[in-house]
Amino acid sequence: FGPIHLLFNLWNLYNIGGVIEIRRGTWRLALLVLATEIISNLAQWFYTRYPLFGGMSGVLYGLFGYAWMKSRYEPGVGIYLPRDVVVIMIAWLFLCMTGRVGPIANAAHVAGFVVGIVVGIAPFLWRKIFRR
């Protein structure tokens, strides 16, 4: 809930969310944000049963997962994540899980990340399966 957390979230929303919005449109971004918000926050609540957590980190990990899958499996969409961003985001996810950076909504991070990956890779897999 601190200023660094807020700045980090806003910076990621601007960078990753902005690219998704430009390439995929406002409605797709809004639906992706809504889906990851609901699922990541429910996951955190079910994991901890503690209602006091905040931020958009689960959503941002969802946007990250989506952008990562699009950059790997559908590069023609024009969403690209540099390798160092991928490494930093995944390293931060695991660092947060150690508990060394304070109380973190890890279930929200992981759930959002999984939702983003699934939504990002689903069209590619769908085409691959039904092309045969």
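User: Which residues does E74 touch, not counting residues up to four places away in sequence?

Analyst: This is a predicted model, in which local features need pLDDT of at least 70 and side-chain atom pairs count only at pLDDT 80 or more, while totals for chains, interfaces and linings use all residues. Residues are numbered from 1 along each chain as its sequence is written, and side-chain values use heavy atoms, with hydrogens and water left out. Contact means heavy atoms within 4.5 Å, and by that rule E74 touches M69, G120, P123, F124 and R127.

User: Where is the place of E74, and is E74 buried or exposed?

Analyst: Helices are DSSP runs (H or I, at least four residues), numbered from the N terminus, and E74 has its place in the loop between α3 and α4. Buried means under 20% relative accessible area, exposed over 50%, and partly exposed in between, with a 1.4 Å probe and protein chains only; E74, with a relative accessible area of 12%, is therefore buried.

User: At what angle do α3 and α5 pack?

Analyst: Axes are lines fitted to C-alpha atoms, for helices over the stretch in contact, and angles run from 0 to 180 degrees between N-to-C directions. Here α3 and α5 pack at an angle of about 30°, with their axes 6 Å apart, which makes α3 roughly parallel to α5. Angles under 35 degrees count as roughly parallel, over 145 as roughly antiparallel, 65 to 115 as roughly perpendicular and the rest as oblique. Among the residues making this contact are G62, G65 and W68 of α3, and G112, G116 and G120 of α5.

User: How do α4 and α5 pack?

Analyst: Helix α4 (residues 83–97) and helix α5 (residues 106–130) pack at an angle of about 150°, with their axes 10 Å apart, and they are therefore roughly antiparallel to each other. In this pair, I90, L93, C96 and M97 of α4 meet N106, H109, V110 and F113 of α5.

User: Which residues touch the most other members of the largest nonpolar core?

Analyst: A nonpolar core is a set of buried Ala, Val, Leu, Ile, Met, Phe, Trp, Tyr and Cys residues joined through side-chain atoms within 4.5 Å. The largest one has 21 residues, of which I16, I20, L63, F64, W68 and L81 touch the most other members. The largest share of this core, 9 residues, comes from α3. Leaving aside neighbours within four places in sequence, L81 is in contact with I16, F64, A67, W68, S71 and V86.

Conventions:
Helices (H or I, at least four residues) and strands (E, at least two) are DSSP runs, numbered from the N terminus.
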